[in-house]
Amino acid sequence: VRAVVRNVMNREVLTASPDESLTAAAARLLRSGRTALPVIDAAGRLVGVLSEADLLALAMPESVKALEDAAFLPPGFDPLSLSCASNPPPTPVGDVMHTEPLYAVEEDAALAEAALLMLRHGLDDLPVVSAGRLVGIVGRRDILRALLASAGDSTGSAP
Amino acid sequence: MTALQLLATFIFLAAFALIASEKIDKTRVALAGAALMLVLGLVRQQTAFHGSPDAPGAGVDWNTIFLLLGMMIIVGVTRHTGLFEWLALRSAKAVHAHPVALILVLSVLTAVVSAFLDNVTTILLIVPVVLLIARALETDPVPFLVPVSIASNIGGTATLIGHPPNIMIGSAGHFGFMDFVRYDTPPTLAVLVAFCVIVWLGLRSRLRVSDEARARVMSFDESEVIRDRPLLRKCLLAMAVAIVGFVVHGYLGLEPATVALAAAALLLLMLGRRPRVPGHEDEYHWYNDIEWSVLLFFIGLFVMVSGLVELGVVKAFSRWLVGVTGGSTIAMTLLLLWFSAIMAGLMDNIPFVATMNAMILDLPRQLLPSGTGGLAGAIHHPSIMPLWWALSLGACLGANFTIIGSATNIVTAGLAARDGHPISFKRFLKYGVPITLVSIVISMIYLWLTFLRDLPPALG
């Protein structure tokens with residue numbers, strides 16, 4: 001098995017469009033079982049990513065983000081909300097998706113390239129592109145599964 | 001003016017305008033201006049970096065840089081202990097979350113902390129807690145945030161280390177920590193009292209919150225805020241060493257910068273090699289919290305001002321000031337107080353203070369017979385002395401005129417806007433203008449009573 005992203009990625013990928021509502025896209029993200037939902041335009045080009053982390057950050061008021069630690073908040077008082085004052089609904093996906101920098105890998109990239117992006121930027125899933133068009137998604141688990149399989153091969157082939 | 005003087009003045013004023021416009025990061029402007037002056041030969045590098053006996057006010061003021069650096073290290077570590085959040089929550093609960101009392105107690109707390117530590121750091125830590133308290137109270141946070149920000153600038157005026165302009169004035173004017181306690185703390189306390197009265201009168205009948213909302217604030221658990229007690233103890237020890245050191249530095253013959261550096265070094269040694277910070281376990285160094293860009297901004301400005309000093313531009317300016325005021329100390333003091341306050345209200349006050357320091361240092365040559373009591377005697381002469389304090393009070397308190405007058409106000413407005421509560425320029429003025437006008441009038445009365453009424457008639 002050549003260790004390139006194409007061989008470990010998942011081709012069945014749920015996506016969002018920049019114009020649809022955030023809540024619809026968020027619901028699809030949860031259904032997808034991935035941590036990130038690639039956002040594509042009508043031509044299938046990757047234009048952004050909507051991740052669980054982006055959504056949590058969106059729901060969190062700046063006053064909480066600026067704290068070192070929120071342990072003092074009492075149980076009955078929770079300032080998290082997907083429709084806070086700075087973000088009144090309905091919000092289109094295009095307004096909140098992650099665009100710059102847009103982390104993605106080419107389908108013929110080495111697994112190490114994908115793994116490094118994941119570790120360095122705390123990403124669980126990366127969109128996979130070919131000539132700018134979305135062709136799949138690859139996650140930490142996909143890479144680990146491939147590594148485990150090849151480790152199994154090498155121990156299996158030992159005499 | 002010679003061509004070289006005009007060129008240096010042009011570079012300086014252009015940098016001044018760019019800094020005021022806030023279009024380009026001020027540190028880049030200051031460093032570019034400094035580089036330009038050096039490359040064009042408007043100032044010799046020796047003078048710009050190290051000063052020169054015949055150019056008072058020239059040279060990078062390493063006193064200021066190291067005092068800022070030392071205090072940045074101490075506050076950069078302390079901010080991670082949760083001490084400031086703990087203080088804010090404790091004071092909120094002490095007044096049972098009664099809204100106007102809450103505003104006053106948080107403001108006074110911020111003023112006291114700001115007198116000893118960097119104002120912007122203080123505000124960055126207090127404002128999120130204030131926003132959450134207002135959210136729990138289900139009330140508009142702006143009447144809480146604006147007074148807290150204003151109080152930070154007032155508190156910083158009280159001491160040598162409270163506000164960068166005071167650090168610069170202390171260094172240029174050879175004033176120690178206790179000189180600021182003697183001359184700046186009394187008027188600052190009077191201003192703080194007046195501020196509390198104005199806030200109370202303005203807001204007492206406007207804020208109503210439910211008992212239920214107050215109970216919510218009372219249920220905040222401040223005991224969860226202090227995350228690392230051994231770290232807190234080390235920070236408190238370093239701060240105590242610094243403050244005791246500042247109080248006695250004159251008797252020990254040590255400069256304030258030495259005290260700050262020693263306390264910071266002591267703290268760093270106590271922390272050991274790999275400090276533990278919640279949330280920053282990897283690749284973290286205490287030095288990350290030092291605001292290097294601020295230090296570089298100061299260095300750039302000092303180099304530019306050195307050019308103005310060496311070419312005689314500052315001297316021309318001080319001659320002009322003596323000319324228009326007839327050399328009257330009263331006229332110069334009042335002019336400087338109001339001029340500094342207005343300039344501080346319109347832009348970052350550091351470039352202005354750096355220039356005015358150089359000008360005041362040149363004044364003894366214009367006003368006094370040469371050789372009057374040596375350098376220290378000349379710049380502390382009764383005809384010069386009130387100018388330093390007028391500059392300090394004007395530049396520090398004037399920063400509250402507008403929302404762009406101080407970094408503190410800008411940071412508060414930024415955090416509030418991102419939390420969904422923008423503070424408009426106009427809304428800030430409703431608080432800033434009355435409080436600042438009263439502050440400056442109090443400063444005038446104070447300067448009159450302390451310095452100006454006892455001047456020999458020849459100097460008045």
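Reply: A:Ala131 sits in the loop between strand 4 (125-130) and strand 5 (133-139) of chain A. Strands (E, at least two residues) and helices (H or I, at least four) are DSSP runs, numbered from the N terminus. A:Ala131 is not a glycine, yet its phi is positive, about 55 degrees.

The model is predicted: local features need pLDDT of at least 70, side-chain atom pairs count only at pLDDT 80 or more, and totals for chains, interfaces and linings use all residues. Residues are numbered from 1 along each chain as its sequence is written, chains are lettered from A and ligands numbered from 1 in the order written, and side-chain values use heavy atoms, without hydrogens or water.

Another loop of chain A, between helix 5 (93-96) and strand 3 (105-106), holds A:Pro101. A cis peptide bond links A:Glu100 to A:Pro101, with omega about -10 degrees.

Next, the interface. Chain A contributes 16 residues to the contact (heavy atoms within 4.5 Å) and chain B contributes 21. Together the chains bury about 1700 Å², 66% of it on carbon and sulfur atoms. Buried area is the accessible area (1.4 Å probe) that two parts lose on being put together, summed over both. On the side of chain B, B:Leu132, B:Arg135 and B:Arg227 lose the most area to chain A, together 28% of what that side buries.

One salt bridge is counted between the chains. The term needs a side-chain nitrogen of Lys or Arg within 4 Å of a carboxyl oxygen of Asp or Glu. B:Arg418 and A:Glu62 form this bridge through their side chains, at 2.7 Å, N to O. Helix 5 (83-94), helix 7 (119-137) and helix 21 (407-418) of chain B each give at least two residues to the side that touches chain A. Helix 7 of chain B has the largest share, six residues. By class, that side of chain B has nine nonpolar, three polar and nine charged residues. Ala, Val, Leu, Ile, Met, Phe, Trp, Tyr, Cys and Pro count as nonpolar, Asp, Glu, Lys and Arg as charged, and the others, Gly among them, as polar.
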